[in-house]
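Please work through each task before reading its solution.

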Amino acid sequence: MTRRSVVMGCGGYLPDNIVTNDTLAQRIATSDEWIVQRTGIKSRHVAAEGQTTSDLALNAAKAALAHAGIAADELDLIIVATTTPDNTFPATAARVQAKLGLTHGFAFDVQAVCSGFIYALAVADNFIRLGQATTALVIGAETFSRLLDWNDRTTCVLFGDGAGAVVLRGVASEGKPDERGILSTHLHSDGRHYDKLYADGGPGSTGTTGHIRMEGKEVFRHAVQCLSDVVDEVLLANHLAPEAIDWLVPHQANQRIIDGTAKKLHLPPERVVMTVDRHANTSAASIPLALATAVADGRIKQGQMILLDAMGGGFTWGAALVRW
Ligand code: UT7
């Protein structure tokens, strides 16, 4: 029997505290005009003091489980994609498992920075298709505000905190083309670009927390190319024309990068889910947050073809095609 991973539900969580561009402009040499023009970002959410990545993840998990109509104890796999774990170890996923009151199944983190959710989705899909898990919770959760150098205007205006989650369930597949579920996942990395986007410190072997350092223009250039290539790869692998895509739900780093990918797919802006204006770049959380937003407001509907793509530090990049 072959199996498919069907998305049963999704949910998101954003911290209460909203920081606008104007607030940032009071503290550093920037302006709302510069940030909006270069990135599309207008505001971002920032976690409260003491609020950790697992707190955000738990709220998103509860929302996704409620939306799916699935009880937490039905889960047998929890994956958290994060670059900002509560602690160096254990995995934030293990904390989420405990906070959900679970003692069965298994939980671990995936670290692929802004591509983390696509990586985690691919890992969960493979576990499900191999029969090693049946009901999986895949979370992207970040508190990037803790990694920012708030005096570095080239990075601190770009990021926000948040979490999003999906619940996947393995169902028997008859191989019919209109079946719901994850149709394909595509992962890539090229570690030569390690120093173009990184945190200059721990956790781990250096013992310091560190701050984000980025060669913005270089990252931008690679993002456009990598995303363009991986979108082609998805269409080719699934024998689809761009018109078959109902919704592009991309990683939300910069409106100009998203517009570039949409243009390549000949997708009008009305078929692209854009949250970067209100969420900024929430790294691994951005795609599930965008999914949760567009499902909640009724744009994404069952049976539609959804293309997810992301690129981030490493470099890592990837995409997934899902019949919702
Ligand atoms: O999710 C992971 C992937 N990350 C990304 O995808 C980010 C990709 N990169 C980008 O989105 C863009 O490169 C940025 C938004 C980061 C920067 O935009 P840019 O058009 O590449 O600007 P730039 O770095 O070339 O900077 C242009 C000018 C510079 O001033 P000078 O040297 O021309 O005098 C910067 O110092 O803008 C200045 N600048 C700012 N000015 C006001 C940089 N940051 C700011 C700021 N406010 N926040």
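Axes are lines fitted to C-alpha atoms, for helices over the stretch in contact, and angles run from 0 to 180 degrees between N-to-C directions. Helices (H or I, at least four residues) and strands (E, at least two) are DSSP runs, numbered from the N terminus. The model is predicted, so local features need pLDDT of at least 70 and side-chain atom pairs pLDDT 80 or more, whereas totals for chains, interfaces and linings use all residues. Residues are numbered from 1 along each chain as its sequence is written, and side-chain values use heavy atoms, leaving out hydrogens and water.

**Exercise 1.** Describe how helix α3 and helix α4 cross.

*Solution.* 
Step 1. The axes of α3 (residues 53-68) and α4 (residues 92-99) come within 9 Å and cross at roughly 55°.
Step 2. That angle makes α3 oblique to α4; oblique covers what remains after under 35 degrees (roughly parallel), over 145 (roughly antiparallel) and 65 to 115 (roughly perpendicular).
Step 3. Contact means heavy atoms within 4.5 Å. T53, S54, D55, A57 and L58 of α3 meet T92, R95, V96 and K99 of α4.

**Exercise 2.** Determine the strand order of the open sheet and identify its edges.

*Solution.* 
Step 1. Strands pair if DSSP finds at least two bridges between them. The 4 strands follow the order β8-β13-β12-β11, with mixed pairing.
Step 2. β8 (181-189) and β11 (247-250) each have a single partner strand, so one side of each lacks a neighbour in the sheet.
Step 3. Strands β12 (residues 305-312) and β13 (residues 316-323) run antiparallel, joined by 8 bridges; I306 has V322 in β13 as its bridge partner.
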